[in-house]
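Student: I have a model open and want to learn how to read it. Where do we begin?

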Amino acid sequence: MRIFREGDVGPLRDKRVAVIGYGNVGRSLALNLRDSGVSTIVGNMTGDEYHRRARSDGLDVRSIPEAAELGDVVVAALPDDVMPEVYKSEILPGLHSGKALALTSGYPVAFGLIPLPDDVDVILFAPKMVGAAIRDRYKGDRGYAAVLGVVADATGEALKTALALAAAAGVFKQGGFAVEATAEQEALADLLGEHLLKAPLLALLEAAATVMRRRGVPPELAALELYASGEFGELLSLVASAGIAEVLRLQSPVSAYGQLTRWRRYLKPLLEAGEEAAERVASGEFAREVVLERLAGYPALNAEWRRLRAGEAEAAFAALRRLRQGP
Ligand code: NAI
């Protein structure tokens, strides 16, 4: 796996970049590219809040088909579920020979959701950073991590364009770098992170709060202990900079003993559930499930949102928020 630590913005100097979508990622990328001196336009559907925001940020905003037509490099920064239909009807017609298409996620390619033209470079440029932080870091001269890849190299220049895009978007500023991966690897890593880490984390928080409640711990104290004090968040960000062992070392012997002598008992069921989830992702079954869920208007997702908002954890958090804000 190659790791890139620098890139030359040069190949973008005489080109126009069209960023399609002005959400979490699209906004930060467009502003960073513009501030790096790259001729940048935005493509967004008319009338929504994102369109208004792009205008008020002073960008040249066009319809999606117009931007795709005008851009030499077309950066598609749309949600994965929306991308296939918008791509086919509004982006693909503008992708003429010799242009480059950059995708902010491997998902649509990995699961065969978008047809790719033969004569166009296709680049994967997936920032591994929260959308808004991509902009904050750029302004603070700090870089961030990203995944870069060449999906199709029609011109022979795809890697240069990918590196130029990453450089102009601020990846290679202080401390930043990009790792090379295929769209399939990026999509798999991204989804497995969600299904095998973030989903079980929700279950862990629920199970821990339930057991604490049964043992007489008030819900507010449980929320504080589990996440609301910010201690858990601090530990995770320390793990990112110092590693798991160092963070365990910083905790008391009772804490480290409790963690290190207990964690293995959860491993077997997690591995079993993880393998099952991974199979559904790798086979494309999950992506097909999402297509059907979206077509039906997201009934399962909406039901889960309602359940979460009505749950005890949210109520406990609201009580804590009141506590923080005072009377
Ligand atoms: P988002 O939800 O913020 O995107 C909103 C944008 O999508 C707006 O411009 C909106 O007009 C447009 N949009 C929504 N529905 C549309 C439709 N039916 N037709 C046309 N346009 C429509 O998306 P976000 O979070 O910026 O994600 C974009 C891509 O970046 C995804 O591939 C995601 O995986 C990737 N990504 C996201 C990160 C994040 O922090 N959110 C981090 C790294 C990558």
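Tutor: Begin at the ligand, with Val25: a backbone N or O atom of this residue lies 2.9 Å from an oxygen atom of the ligand. A polar contact is a pair of N or O atoms within 3.5 Å. This is a predicted model, where local features need pLDDT of at least 70, side-chain atom pairs count only at pLDDT 80 or more, and totals for chains, interfaces and linings use all residues. Residues are numbered from 1 along each chain as its sequence is written, and side-chain values use heavy atoms, with hydrogens and water left out.

Student: How far from an oxygen atom of the ligand is a polar side-chain atom of Asn24? And one of Asp80?

Tutor: For Asn24 the distance is 2.8 Å. For Asp80 it is 3.0 Å. The protein covers 77% of the 840 Å² of accessible area that the ligand has on its own (Shrake-Rupley method, 1.4 Å probe).

Student: How many residues surround the ligand?

Tutor: A residue counts if one of its heavy atoms lies within 4 Å. Here 22 do, and the closest are Tyr22, Asn24, Asn44, Asp48 and Gly131.

Student: How do I read two packed helices?

Tutor: Use the angle between their axes and the distance between the axes. Axes are lines fitted to C-alpha atoms over the stretch in contact, with angles from 0 to 180 degrees between N-to-C directions. Helices are DSSP runs (H or I, at least four residues), numbered from the N terminus. Here helix 8 (residues 183-214) and helix 13 (residues 267-282) have axes that come within 10 Å and cross at roughly 145°.

Student: Which residues of helix 8 and helix 13 make the contact?

Tutor: Contact means heavy atoms within 4.5 Å. Helix 8 gives Leu188, Leu191, Leu192, His195, Leu196 and Pro200. Helix 13 gives Leu270, Gly274, Ala277, Ala278, Val281 and Ala282.

Definitions and conventions: Helix = DSSP H or I, 4+ residues; strand = E, 2+ residues; numbered from the N terminus. Polar contact = N/O pair within 3.5 Å; in protein donor to acceptor, adjacent residues only side chain to side chain.
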